[in-house]
Amino acid sequence: MARRIKFFDTTLRDGEQTPGVNLNLQEKLEIALALERLGIDYIEAGFAIASEGDFEAIRGIAGALKTTSVVSLSRALEKDIDRAWEAIKDAVSPRIHTFLATSDIHMKYKLKMTEQQVLENSAKAVAHAKKYVNDVQFSPEDATRTRPEFLYKVLEGVIKAGATCLNIPDTVGYTNPAEYTNFIKGIMENVRGIENVDISVHCHNDLGLAVANSAAAAVVGANQIEGCINGIGERGGNAAIEELVMLFNTRKDYYNFTHNIDSTKINRTSKLVSSMTGIYVQPHKPIVGANAFAHESGIHQHGVMQERSTYEIMTPESVGLSSNTMVLGKLSGKHAFVSRLEELGVNLKTNDEINAVFGKFKALADRKKEVLDEDILALVDYTNDKIAKKYELVSFQISSGNRIINTSTIQLKVDDEIITKASTGDGPINASFKAISEICGYDNLKLVDYTIRAVTGGHDALGEVNVKIENDGKSYIGRGISTDILESSILAFLSAVNRIV
Ligand code: KIV
Ligand code: ZN
């Protein structure tokens, strides 16, 4: 009989720990709603005690989701657990996730705790969480580098205290499939009461094995898998949820599992996470990379034209890539546009939101012959940016070349006033950034990252620019799109500055 695997998404918690990623409440809510539509069972919405922003985001998500369980992380401390409960209490099915490290390295150098203290504190934390909520998950951090006999004792203690789910993290991405499956089997055979709780796995990707380790553990009995969309996360990232889903779907003959994920929502969710976090997906990334379904070599193209299954083990449609060949352009009406939005899984709620994106689409169609699905998704994500826009671009004029002084004149609307400033710089982009900084009154802004890419192929493609700037030791990301890359750069910089405000 097929076994049900539950998916636990931690894009908004472990994924947000990706360097440079800093999502605001609105963006987190948007991603959480997309994860719910995708069919995720548990959403770890943040770490409630970490900051006021995290707390508010978890609370907002808990109040907004209709079916998905909302989880807050907490250390094994009463004050953390109290705060976690405050944040999730409005959720349809709230869960507290508490953790304490159990490996010798962590106990000695990080926690400075004895085995006895770790044993007591982990059980005490679970018992405290249980006062608030029935569903309590416990993670022995750095489990895979923990001595098994000690781990068994800790796990038995938290089960007795009422834990409903035991998560076994490979915190530093150290294990491999054979070792991890033995480790999980050891837990299943040696921990009293284990048959009454869920066994979860949480794998980091430092050695590129996070998906393989998670899938192997599921085969021997784990029934919850944790991961992030696009595999984002600290260092090498977390297990990529979309890869696990498509592995189970494509190899149903081997993985006899059922799950709740609607794989046709994968592409849309991936694009949303990528655009909100500013973390690009590499082109050759499985499932969601731009080349994941592209066939370049003649032999492969020929094979696919004769019979798709020669080189395609899953269809692009199964992950939500459109098979629609009807191209939208400047003569396309709102009706066709709205129906394409629906096909792409875009969920715009109000008429105002639809009209705003439709206006941008029309403007783009005037500059670009064919507006492709990728363009539409980029427009939606850009237009939907809910950051209050104190500074808006009115116009820019740039003179640039290799034998002149690069100058940019920028005109911004600031509240209700129009302000114009000209600046010079090493190049047109540097000159523009300086002019904007002057208008906005920031003299210490540092541009720490700048990336540019074409959203689609073709000479009239949309150029998407992502920037990361630093102000007073804090970093902010911004994104801009236009068929003119200087305009994209200016818009990206402005969007980052608006985030500071
Ligand atoms: O990687 C890890 O150990 C974690 C825990 C908090 C579950 O993220
Ligand atoms: Zn982790």
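Predicted model: local features only at pLDDT ≥ 70, side-chain atom pairs only at ≥ 80, totals over all residues.

Reader: Which residues coordinate the zinc ion (ligand 2)?
Author: Asp14 through OD, and His202 and His204 through NE2, at 2.0 to 2.2 Å. Along the chain, the donors of the zinc ion follow the spacing D-x187-H-x1-H.

Reader: Where do Asp14 and His202 sit in the chain?
Author: Asp14 is in the loop between strand S2 (6-9) and helix H1 (25-38), while His202 belongs to strand S8 (residues 198-203). The two are 188 residues apart, and the pair links distant parts of the chain.

Reader: Are Asp14 and His202 buried or exposed?
Author: Asp14 and His202 are buried.

Reader: Switching to the fold. What do the strands form?
Author: A closed barrel of eight strands, in the order S2-S3-S4-S5-S6-S7-S8-S9, with parallel pairing. On average, neighbouring strands of this sheet are turned by 25 degrees against each other, direction ignored.

Reader: How many bridges join S7 to S8?
Author: Six, between parallel strands; S7 covers residues 165-170. Ile168, for instance, has Val201 in S8 as its bridge partner.

Reader: And what does helix H4 lie across?
Author: Helix H4 (residues 104-111) lies across strand S5 (94-101) and strand S6 (136-141), at about 85 degrees to S5.

Reader: How far is an oxygen atom of ligand 1 from an N or O atom in the side chain of Thr171?
Author: That distance is 2.6 Å. For the Asp14 side chain, an N or O atom is 3.1 Å from an oxygen atom of ligand 1, and a polar side-chain atom of His204 lies 3.0 Å from a ligand 1 oxygen.

Conventions. Residues numbered from 1 in each chain as written. Chains lettered and ligands numbered in written order. Heavy atoms only, no water. Donors = N, O, S within 2.8 Å, 3.2 Å for Na, K, Ca; no water. Helix = DSSP H or I, 4+ residues; strand = E, 2+ residues; numbered from the N terminus. Buried < 20%, exposed > 50% of the residue type's maximum accessible area, 1.4 Å probe, protein only. Pairing = 2+ DSSP bridges. Axes fitted to C-alpha atoms, helices over the stretch in contact; angles between N-to-C directions. Contact = heavy atoms within 4.5 Å. Polar contact = N/O pair within 3.5 Å; in protein donor to acceptor, adjacent residues only side chain to side chain.
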